[in-house]
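Please read the following account alongside the sequence and the model.

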Amino acid sequence: MSIENISIGDAELVIMKVLWKANKSLNSQAIGEKVAHKNWKRTTISTFLTRLVEKGALKSEKIGNTYYYTPLISSSSYKKAQTKNLIKNLYNGSVVDFAMSLFEDEKLSNEDIKELKAIFDCRKE
């Protein structure tokens with residue numbers, strides 16, 4: 001399955017962020033400790049992990065009696081794919097319309113604008 005077609009729900013994304021940040025394989029107990037603030041049951045975490053494996057976002061490896069989970073997609077590639085989907089679906093593929101929506105709602109600070117200008121200037125070279 002292509003990364004553009006992988007749909008990760010909000011709760012599943014919490015799990016993915018834990019694994020991306022860890023930068024190593026984790027078992028469900030370790031993941032549960034990292035998301036303890038969510039008050040999810042062990043079975044809920046297990047369900048999220050199973051779904052993410054089925055979607056192709058994670059791989060699981062059994063070591064002894066314990067499964068360890070590793071991301072098959074990187075945070076940056078997932079963000080890029082989701083951004084492309086957002087622009088394609090909500091802005092009819094127009095990056096300009098997407099950028100304008102950020103400016104119109106005053107979501108960008110002056111510092112953000114300076115950073116974007118610097119990025120665009122570097123890309124021109």
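This is a predicted model: local features need pLDDT of at least 70, side-chain atom pairs count only at pLDDT 80 or more; totals for chains, interfaces and linings use all residues.

Residues are numbered from 1 along each chain as its sequence is written, and side-chain values use heavy atoms, with hydrogens and water left out.

An open sheet is formed by 3 strands in the order β1-β3-β2, with antiparallel pairing. Strands are DSSP runs of E with at least two residues, helices are runs of H or I with at least four, and both are numbered from the N terminus; two strands pair if DSSP finds at least two bridges between them. β1 (26-27) and β2 (58-63) are the edge strands, each pairing on one side only. Between β1 and β3 (residues 66-71) there are 2 bridges, and N27 has Y68 of β3 as its bridge partner.

Helix α1 (residues 10-22) packs on this sheet and touches β1, β2 and β3, contact meaning heavy atoms within 4.5 Å. The direction of α1 makes about 85° with that of β3; axes are lines fitted to C-alpha atoms, for helices over the stretch in contact, and angles run from 0 to 180 degrees between N-to-C directions. Helix α3 (residues 42-55) lies across β2 and β3, at about 115° to β2.

The lining of the largest pocket takes at least two residues from each of α5 (95-104) and α6 (110-124). Its residues divide into 10 nonpolar, no polar and 1 charged, where Ala, Val, Leu, Ile, Met, Phe, Trp, Tyr, Cys and Pro count as nonpolar, Asp, Glu, Lys and Arg as charged, and the others, Gly among them, as polar.
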